Amino acid sequence: MSLLTLTDVSLRMPALARRPLLDAVDLTVDRGEVVGLVGESGSGKSLTARAILGLLPPGAEVGGTIEVDGLDVLSAGRDDLRRLRSSQVSMVFQDPRAAINPLRRIGDYLTESVRLARGGDGRAATARALELLEAVGLPDPVRHLRQFPHELSGGMLQRVMIAGALMGDPSLLLCDEPTTALDVTTQAEIVSILARLQAEQGLGMLFITHDLDLAGAICDRVYVMYAGRVVETARATELFADPRHPYTAGLLASTPGVDRNHDRLVPVCGSPLSLLENPPGCAFAPRCDFAVDGLCANEPPALVQEGDRAVRCLRSAEISPGRSARAHTVRSAR
Amino acid sequence: MTALAVSVVGSGRLARLRSAGGGWLVVASALMLLAFVLAAVLAPVLAPYDPDLPVLGNVLAPIGAQHLLGTDQVGRDTFSRLLFGARTSLVGPLAVVVVATVLGVATGLLAGWRGGWVDAAISRVLDILFAFPGLLLAILAVSLFGKGVVAPVIAMAIAYTPFVARQVRGLVLTAKARPFVSAYAVQGFGAFSIATRRVLPNIAPTMLAQATVLFGYALLDLASLSFLGLGVQPPTADWGAMINQSRGAVLLGQPLSAVVPSVMVILTVVAFNVVGEELGDRIAKRDR
Amino acid sequence: MTRRLGPWPAYLARRLGAVVGTLVVTSFLVFASLHVAPGDPVAFLVQGRSPSPEAIAAVKEQYGLDQPFLTQYLHWLGGVLHGDLGRSFQFRENVGSLLTARLGTTLALVLMSAILITVVGLAAGIIGSLHAGRTADRFVLVLTTLLAAVPSFVAAILLISLFSVRLGWFPTFGAGTGLVDRAYHLALPSLALSLTFIALVGRVTRSAMLDELGREHVEVALSRGMPRRTVVRRHVLRNALGPIATISGLLVAGLLVSSAIVESAFGLNGLGSLLVQSVDKGDFPVVQAIVLIVVTAFVVVNLVVDLLQPLIDPRSLAGTAAR
């Protein structure tokens, strides 16, 4: 049994959006596996992470099932949810300065979930906090416990957040764009810390990012999301070598990489789907170079499995978006 | 969004409120305030009786056909006194707000625009003034100049000025940092003309919202002063004074002549607060 | 709670310096106000009473009116700092002893009101914010809008007419003797005094709580499994205390000044009613003294709130803006 299984998960917010914010999302993460979830803002990736924790916005209508270690999150009671959040699943958030209460000390932040959510012993919690602060590479754990967040840099605070996420000994770690708010050098440090700790503790990890390269660096498998749907999923190496969905290919072609040869970067033209639009067919069609008039915009593509890959594109068998994208010259925007 | 820099009284505001679709409460409040102002202005025409004439044979009459809202402890018609009382009760706060706003805008503008030692000096003075609550300064003024309305009004205006000045100064500082101001300066407009012709109109809506709220406070403070017998002097009608004078009647179990002006005070201040908040909300939305 | 002492002494020194400066200037203004009155200071002080040579000489001596202005001020200030606030004309007593006799009633009134305001105001604001948009919140908003418009004298009269005269539950005047009797006598007055401030505290609390409820760290805390009630206490309410504490200075000033009204309405023998009486009778030394006390209390309370700021928001010590 997988650690995390999302089956046909959908989320609608009729008051806010005409289209579903999540639509028929299938996703699994196994123990010890690092899975990437890639997409632009508005693709639904952060929402997916929050749904796994049962943190749904008010007014949300949810369908499908989310199972963590056998527990059905969407129908779980308050106590089950509390246990889930404090000892089975943890999340590392994007902006540590916003995520940690600026008026309380680091030590309070680290130990409070253990002490208050599980009724644990304060001294044991402090000891564990010190261990974890060392594990994330902070130089002076004892002093840091007494400090306030504004006394630490962004990178140090993110390490604190990672330590905080591991306090409860979770089996699943969700990372929601953990490096986006940091500068590039710090990004690399944080990613390596996450990778090391994941390996050491055999955690399942869902790594959410808009940076496909970053996902490729540490993930075993990757899901690509667009407009609330999973449009492609494959093992990381295969995805990079041979993207089967035009959007994935577009993302790859538009990000500069040290190891790839580009004559010029090819951006994905157009803009993401707004909340008010709810097209009947493929959501990516307006921006897709391979869209066929009359077909793609009208028929909703289903997710088609091929071995351990899956693609949601009516034309994926015919086209080679990966190769074509690399050979592209700039096209005029539609 | 229509600029709300119009005078407090006037049908122009009414039309704008309606067209902008303010909630029924706001419209009702605005209408009620308009009615009160009209009543005050037209008091001599509307009042059925002389408000200052005691009729000792008809003391503490209940609500009836003869006297719409009864009579007070010396037989004066409450309704007439209410109408005439609206004059003193509304004019005083208006004077306070106008003076405080003028002084506050002038000092705030000067401090924010000039910066440097001018700003530092003015800010220090404002800090000192902040230490004097409005009513206290009014009481002190009465002790120095005698009972009445003029001295307290001036004292209160001075006490309220720092609130206006501080807000104006803040707004001016933000405005100064905006590109449009440098654009004007580069084109050769003098500081004074930029300040008065460009920055001030931007600030005006916020000032209006604050003035509305200040009016409520000024009304309460001045009415309190009259209640203490230190403001408006008998026999002049004034809501606060009316409540003071009816204390005897209250103890006798006849609170009508106290309840009526009390309700008027509450309604007026609620109306001002509701309208002031609505103005504030709209301005915040506009700025967003 | 050990704390690095680092920046705190400097902060304290700066604030104390500012406060002393403010107190000097305000005391000077209060002193100098005597000379703002139209006419001759001596005539003003003696007003209404027969100007016997002894009375005039006493007044001149009390204020040092024969001496240069600055010396007068220093002489007066020196007296004040030693507890000599002059002599009352209407009571022929030292102002100081007059005030201390009446201080108890005013303090009791203000204290009872402060408790009422804190408990009801905070509760209303918290409840409103936690049920934002729903019935409880609407109720809180309507209530605070109404209460904000009921000045203490209106509240006093209405409460007296209902609870004292009509229902006979409470006495109409006097402060009572003994702790329980005092509390009983001061119940209506403190209620009358509190109403507008309950509205103010309720609104500020609600607004601060709503601000904090929307912050990301609250959602993060929930995501770590802490029960909602705990999160509200530790992260929302705790963080909302800052703005609430900021208005407490205004609150105290307002309470002290409005107590004059309530004390007059209920026939209580406090500092406030003494102030009104003294203005009425032209007893300027008493007026001056009470004004000075109220302004000083206001400044001191603001200082205390400022000094407590680092405890509430540790970032203020570092100089970063609190938001």
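This is a predicted model: local features need pLDDT of at least 70, side-chain atom pairs count only at pLDDT 80 or more; totals for chains, interfaces and linings use all residues.
Of the two pairs of chains in contact, chains B and C share the most contacts.

The contact between chain C and chain A draws 19 residues from chain C and 19 residues from chain A. On the side of chain C that touches chain A, the elements that give two or more residues are α9 (216-223), α10 (228-246) and α14 (315-318) of chain C. The leading contributor to this side is α9(C), which gives six residues. Classified by residue type, the side of chain C that touches chain A consists of six nonpolar, seven polar and six charged residues.

The fold of chain A was examined separately. Its secondary structure comprises 12 helices and 12 strands. The radius of gyration of chain A is 21 Å; because a compact globule of 334 residues would have a radius near 20 Å, the value for chain A agrees with that expectation. Along the principal axes, the C-alpha atoms of chain A fill a box of roughly 65 × 45 × 35 Å. Of the 334 residues in chain A, 43% are buried.

Within chain C, the packing of two helices was characterised in detail. Two packed helices are described by the angle between their axes and the distance between the axes. Helix α1 (residues 8-32) of chain C packs against helix α13 (residues 284-312) of chain C at an angle of about 165°, and the axes are 10 Å apart. Because angles over 145 degrees count as roughly antiparallel, α1(C) is roughly antiparallel to α13(C). The crossing of α1(C) and α13(C) is right-handed.

On the α1(C) side, the residues that meet α13(C) are C:Trp8, C:Tyr11, C:Leu12, C:Arg15, C:Val19, C:Thr22, C:Leu23, C:Thr26, C:Ser27 and C:Val30. Their counterparts in α13(C) are C:Gln288, C:Val291, C:Leu292, C:Val295, C:Thr296, C:Val299, C:Leu303, C:Asp306, C:Leu307 and C:Pro310. The residues of this contact of α1(C) with α13(C) divide into 13 nonpolar, five polar and two charged.

Technical notes
Residues are numbered from 1 along each chain as its sequence is written. Chains are lettered from A and ligands numbered from 1 in the order in which they are written. Two residues are in contact if their C-beta atoms, placed from the backbone, lie within 7 Å. Helices (H or I, at least four residues) and strands (E, at least two) are DSSP runs, numbered from the N terminus. Ala, Val, Leu, Ile, Met, Phe, Trp, Tyr, Cys and Pro count as nonpolar, Asp, Glu, Lys and Arg as charged, and the others, Gly among them, as polar. The radius of gyration is taken over C-alpha atoms; the globule rule is 2.2 Å times the number of residues to the power 0.38. A residue is buried if 20 or more other C-beta atoms lie within 10 Å of its own, exposed if 12 or fewer, and partly exposed in between; C-beta atoms are placed from the backbone. Axes are lines fitted to C-alpha atoms, for helices over the stretch in contact, and angles run from 0 to 180 degrees between N-to-C directions. Angles under 35 degrees count as roughly parallel, over 145 as roughly antiparallel, 65 to 115 as roughly perpendicular and the rest as oblique. A crossing is left-handed if the near helix is turned anticlockwise from the far one by less than a right angle, and right-handed if clockwise.
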